[in-house]
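Here are some notes for a colleague who is meeting this structure for the first time. Please keep the view open while reading the points in order.

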Amino acid sequence: MLQTSTALKASKIPGDVVALSTFCDWLEATALFQRGTTLSYPDIVDLLMEDDLCDSQTEGWRVIGDCTTELNRRARLLRGGFPFRLEANRIVRRIPWRETPAYSFCILLALARALPDWTSSFGKDFTHQGELFEVLSEKALDRLLNGWSVHRTGWSRSRTNHINQVVAAVVKVIGEPAGDVYRWTKATAKEAGLDLLCLRPFQDKRAGVPLYLVQCASGRDWEDKLTTPNTDVWEKLIVFAAKPRRAFCTPFSFLDSEFPMHVNKVQGLLLDRHRLLEPLRSDRAWLSRKFERELISWSKPRVAALPWT
């Protein structure tokens, strides 16, 4: 099994033994990337005891009960796209990680909460992972929101625009006038928190269309970005006829108890891992082979470096 860490113990919910959503991500990662195809619940309880995450067998089995409830919820959301079969006393991997690269990529990103030292070993430059996650979010939104138009605007290694160029690109797409960019942002600003532009155009090409300004947050600092992009700032950078809404994409998965709190901060559309990967429900081949190879290429060294007990 994967090594544990104190991050699995640090629950924010009174009465919880472990941080449940983080622990479930750890379980999924163990089952997905281990050599064998099965993960036994009794073995997990033994590890919880050995690593002092639980004080008793009873407490360990209560954790397993909470985990199976959450994992069953995740399984229902993705149906055939969920890479595991949940049995009475074990988790069985149905799909090798290379055959579900988008899910594997998101699990590796989410594992940063459970194994921060492993994540830190790959350095502090998260540009590549951020760019891949933006592309994944773009493709997911394009599939999920039929009839909408999705445009990438975020800064990346291959697209090094500054804020004035980003504003000009958005203005060209939506057909509304730019504001005073340099009065409200620094000239060296990149994209002012805007990674994707998502809108529902009409044939008349008039203003006042449904519009989302989207932040894609794939790192451990995701919680600090829930209120970005700042729509008050963007309403000064562009003279919108109608107020735009905010959307937020992340590879993390949230419990039912957590989700409303995060939505309230976003004040718009929140897509966590299982909303974002909903196309897997009906089509495991929803991404191009080229992009799947890019995800696998990024994932391989991280899977090879995972710390096992």
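1. A residue counts as buried when its relative accessible area is under 20%. In this predicted model, 49% of the 309 residues of the chain count as buried, and the accessible surface comes to about 14600 Å², of which 49% belongs to carbon and sulfur atoms.

2. As for overall dimensions, a compact globule of 309 residues would have a radius of gyration near 19 Å, and the 21 Å of the chain agrees with that. The C-alpha atoms fill a box of roughly 65 × 40 × 35 Å along the principal axes. The secondary structure comes to 12 helices and eight strands, and among contacts with a separation of 6 or more, 68% are between residues 24 or more positions apart.

3. The largest nonpolar core has 69 residues, of which F23, F33, F133, L136, V214 and L277 touch the most other members; helix α1 gives this core its largest share, nine residues. Apart from it lies another core of 16 residues, including L194, L213, W234 and L237.

4. F133 deserves a separate look: leaving aside neighbours within four places in sequence, F133 is in contact with residues including F105, L109, C216, C249, P251 and L276.

5. Helix α2, residues 41–50, has as its buried residues Y41, I44, V45, L47 and L48. These lie on the same side of α2, because they cover an arc of only 160° around the axis. Their cover includes α1, β1, α3, β2 and β3, while α2 itself is followed by D52, whose phi is positive, near 60°.

Methods
Residues are numbered from 1 along each chain as its sequence is written. This is a predicted model: local features need pLDDT of at least 70, side-chain atom pairs count only at pLDDT 80 or more; totals for chains, interfaces and linings use all residues. Side-chain values use heavy atoms; hydrogens and water are left out. Buried means under 20% relative accessible area, exposed over 50%, partly exposed in between (1.4 Å probe, protein chains only). Helices (H or I, at least four residues) and strands (E, at least two) are DSSP runs, numbered from the N terminus. The arc is that of the directions from the helix axis to the C-beta atoms. Contact means heavy atoms within 4.5 Å. A nonpolar core is a set of buried Ala, Val, Leu, Ile, Met, Phe, Trp, Tyr and Cys residues joined through side-chain atoms within 4.5 Å. The radius of gyration is taken over C-alpha atoms; the globule rule is 2.2 Å times the number of residues to the power 0.38. Accessible areas come from the Shrake-Rupley method with a 1.4 Å probe; for residues, only the protein chains shown count as cover.
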